[in-house]
Amino acid sequence: MSVTGVACGDKGIFIGTTAPEFSAVLGDPDFGVVSGEQVTATFALWPVGQRDQRVEWSATPLTSGGLVRSYPGPALTNGVRYRFEVRATDRAGATSRWSPECTFTVDTTTPHPPTVTSTDYPATGEAGGPGIPGRFTFAIAGGDTDVVAFGWSAPGTGPRDVPPGRAGKVTVEFTPSFYGLNIVTVQAIDRTGNRSAPTTYAMTVRNTEPRLTDLSPDAGPGEPHTFTVAPGKLGGLVSYDYRLNDEPATTIAAAADGTATFVVTPTAPGRNTISVVGHTAARTPTAEASVVVYVVYPPTTPTVTSPDFPTDGSAPPLVGQEVTLVFHPGAPGVTEYVWSTDFGATEQVATAGPDGTATVRYTPRDWPYLLVQARSRSTDGTESSTVEFGWDLTSHAPLVSSPQYPSSGTGSGPGEFTFAPAHEGVTGYEYSFDDNAVQTVEGETATITWTPPTTGWVTLRVREHVGTIVSDPTEYRFHVE
């Protein structure tokens, strides 16, 4: 049996609510043997020493063995000891003996908030420092006699419980990990599990960072940086541990005045962190000081330009119009460029001249956008990473229409298809049905007749000719019945 989830015990239990839940496990040998068998629990409750106030009530019947839960009607009284018992009655009226009595006390009174003191980290002024432990004493307040634990937490220290000593006090150790405001939160916990309002103990942790200075802020990539370090608010420093990024720390001795000098050479591209922690002769640490050095290497990837794409907002070249591409080196010693317009599926090589540049002519055909992928190769075998450059082109895919076969529609029998220009100067068209051979027809506007060889969906692809320039395709799709 249990009360509000607390199992009954020989010495009695405590609960923290005036509306508890009573539970017991019932069984009957007839379950699974007698059809429709059920068992009903009857609970009895009374204050200790006042059996004349005993009350009984029944819970919902069970149709199989198991746990039964029930609540008494009126609220119980705080501070009063009670007893309860339970018995079972089956459908035929057979009744079990009463269970052993379970004694419990209702205790909804929360303890007083505890007091918190510390000589290492007093509540006024600055003290200690990150990495320097401090002792904190928690004490029972308000004359409470049933406090069994203190629940406490602090920055970086998850909730934990500690019991008080005989004098109602306990001392714990906490080591701040950062300077500035730190708060220790403590609650008193009584034997019932009731928690007091929290006591918040605020203290100011001293900033003990040493002073770290980069004497070589203008050093280039791969060049050494000289740093000086000197004590801050924590004196008596005899050594420093310095670290570059995640590399192992290096320990150096401090001079008599607490200063030291060291040299590091950051080589990783981008952000590099140099950090330092000082120590006293007693190995008391300072807070960590750090400086960030950014290493920026000159770019090694090539660039691609073209004189044929306007920068004044005028229309770009037509699809199918030959353009000039110029490859420029991003590093010395470039001898050639590997480039493509299909993400490396078909790569070409352009040989660089004495100045490291290379020029090629290229005719884009299928899309109104030219995207070029390129990487460079140098005399020492170095190959750069691949970069992309792109430009918009002017689309002039022709207009296609058919009275017998509308676009995305359905038709049957022979059909006429008319091709109309999308750009001035059109001299003819090339077209194909599905994957059949490409055919040509002349004229600024042209009409062809086509008889379907079969039924189903068909794709007509048409490009217009402007002199020697061939446009991007128009895909005209329709269905043949």
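Modeller: We start with the sheet and then turn to one residue.
This is a predicted model: local features need pLDDT of at least 70, side-chain atom pairs count only at pLDDT 80 or more, and totals for chains, interfaces and linings use all residues. Residues are numbered from 1 along each chain as its sequence is written, and side-chain values use heavy atoms, with hydrogens and water left out.

Biologist: In what order do the five strands of the open sheet lie?

Modeller: Strands of a sheet pair through backbone hydrogen bonds, either parallel or antiparallel. A strand here is a DSSP run of E, at least two residues, numbered from the N terminus. Two strands pair if DSSP finds at least two bridges between them. The order is β3-β9-β8-β5-β6, with mixed pairing.

Biologist: How many bridges join β5 to β8?

Modeller: Nine; β5 (residues 39-47) and β8 (residues 81-90) run antiparallel. Val39 stands opposite Asp90 in β8.

Biologist: Is Asp90 buried or exposed?

Modeller: Buried means under 20% relative accessible area (1.4 Å probe, protein chains only). Asp90 is buried. A salt bridge needs a side-chain nitrogen of Lys or Arg within 4 Å of a carboxyl oxygen of Asp or Glu. Asp90 has none; Arg91, the nearest side chain of opposite charge, is 9.0 Å away.

Note on methods:
Helices (H or I, at least four residues) and strands (E, at least two) are DSSP runs, numbered from the N terminus. Buried means under 20% relative accessible area, exposed over 50%, partly exposed in between (1.4 Å probe, protein chains only). Lys and Arg count as positive and Asp and Glu as negative; His and the chain ends are not counted.
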